[in-house]
Amino acid sequence: MPFRTTLQRDETMQSKLVPALAFSAFALLASGQAHADGDAEAGKTLFKKCGFCHSTEAGKNKVGPSLAAIVGRKAGVEPGFNYSDALKSSGLTWDEATLNKWVENPKGLVSGTKMIFPGIKDEKDRQNLIAYLKTLK
């Protein structure tokens, strides 16, 4: 084995490490993007759990507020629904990241909410549900 200086070893390791890290970062970002899109049809099936309390029709509130056009809407503003003070003052907007946290653990995101749903722990299920909610315009 030929003798290498520390500098030569560091350069060799760096030349292998940088492409590997770049590939890993790309793979992580690519999988995250595909994952964030979710499957709206699978989400529609999951929504049956939500449909006991929430409507998908604009202006039709049940035990919970209508979720029509929920994505992009400020939290606590659906007309005709009596929200908790905690949700009204949360300052949240229902974007994908916030919906993901909410669907995972509503009381963990907004302490004092009236929503009694325990949440959906499976990331893929949450992303599928969010993909469905994005179709409710």
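Counting as a disulfide any pair of cysteine sulfur atoms within 2.5 Å, how many disulfides does the count come to?

Guide: Zero disulfides, by that rule. Keep in mind that this is a predicted model, where local features need pLDDT of at least 70 and side-chain atom pairs count only at pLDDT 80 or more, while totals for chains, interfaces and linings use all residues. Numbering starts from 1 along each chain as its sequence is written, and side-chain values use heavy atoms, with hydrogens and water left out.

Take Cys-50: its nearest cysteine sulfur belongs to Cys-53, 8.7 Å away, and Cys-50 is in no disulfide. Cys-50 counts as buried because its relative accessibility is 14%; buried is under 20% relative accessible area, exposed over 50%, and partly exposed in between, with a 1.4 Å probe and protein chains only. Cys-53, likewise in no disulfide, has the sulfur of Cys-50 as its nearest, 8.7 Å away. At 32% relative accessibility, Cys-53 counts as partly exposed.

Now the pocket. A pocket here is an open set of points on a 1 Å grid over the protein atoms alone, where a 1.4 Å probe fits, with protein on both sides within 12 Å along at least five of seven lines; lining residues have an atom within 4 Å of a point. It has 30 lining residues, and His-54, Gly-64, Pro-65, Trp-102 and Met-115 are the closest to its centre.

Technical notes: Disulfide = S-S within 2.5 Å.
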